[in-house]
Amino acid sequence: MLRLYAPDELAEGQSRGFSLQDLQLLAVRRHDRVYLYRNRCPHRGVPLDWHANQFLDDSRSLLRCAQHGALFLIETGECVTGPCAGDYLQALPCREDRDGIWLLDVPAEDR
């Protein structure tokens, strides 16, 4: 289990990107729950952000790929519009407690 952030470092409606053990990841808090994904669009395998920590669309209700505008549901990672519609971002298991936001397990292919 790896600590990613202190709970107060990811506010409601905020997203953050980071590198961890050669993984590019993104975290977003929505309705007081943290979601964690690989920062890689399923369409071309490129990072979703053009600017640091900017993963959300203008409504702050969807994740957006800055490369081609695909939109993903925050809660599931499903692409709902764009060239990869129906595909999913790779979700990673995480949990939050008073001490931090934690990555529970690094994907086997990245160990």
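Analyst: A hairpin of two residues joins strand β8 to strand β9, and this part is the subject of what follows. The model is predicted, so that local features need pLDDT of at least 70 and side-chain atom pairs count only at pLDDT 80 or more, while totals for chains, interfaces and linings use all residues. Residues are numbered from 1 along each chain as its sequence is written, and side-chain values use heavy atoms, with hydrogens and water left out.

Strand β8 covers residues 94-97, and its pairing with β9 is antiparallel, with four bridges. Two strands are said to pair if DSSP finds at least two bridges between them. Strands themselves are DSSP runs of E with at least two residues, helices are runs of H or I with at least four residues, and both are numbered from the N terminus. Within this pairing, E96 stands opposite I101 of β9.

Strand β9 covers residues 100-103; G100 and W102 point one way from it, I101 and L103 point the other way, and all are buried. Buried denotes a relative accessible area under 20%, exposed over 50%, and partly exposed in between, with a 1.4 Å probe and protein chains only.

Strand β9 also pairs with β1, which spans residues 2-5, in the antiparallel sense over three bridges. There, L103 in β9 is the bridge partner of L2.

Leaving aside residues up to four places away in sequence, L20 touches L103, L2, L4 and L25; contact means heavy atoms within 4.5 Å. L20 is buried, because its relative accessible area is 19%. From the C-alpha atom of L20 to that of Q90, 70 residues apart along the chain, the separation is 15 Å.

The wider setting is as follows. The protein chain has nine strands and zero helices. Of its 111 residues, 40% count as buried. Among contacts with a separation of 6 or more, 43% link residues 24 or more positions apart. The C-alpha atoms of the protein chain fill a box of roughly 40 × 30 × 25 Å along the principal axes. The radius of gyration of the protein chain is 13 Å, which agrees with the value near 13 Å for a compact globule of 111 residues. This radius is taken over C-alpha atoms, and the globule rule is 2.2 Å times the number of residues to the power 0.38.
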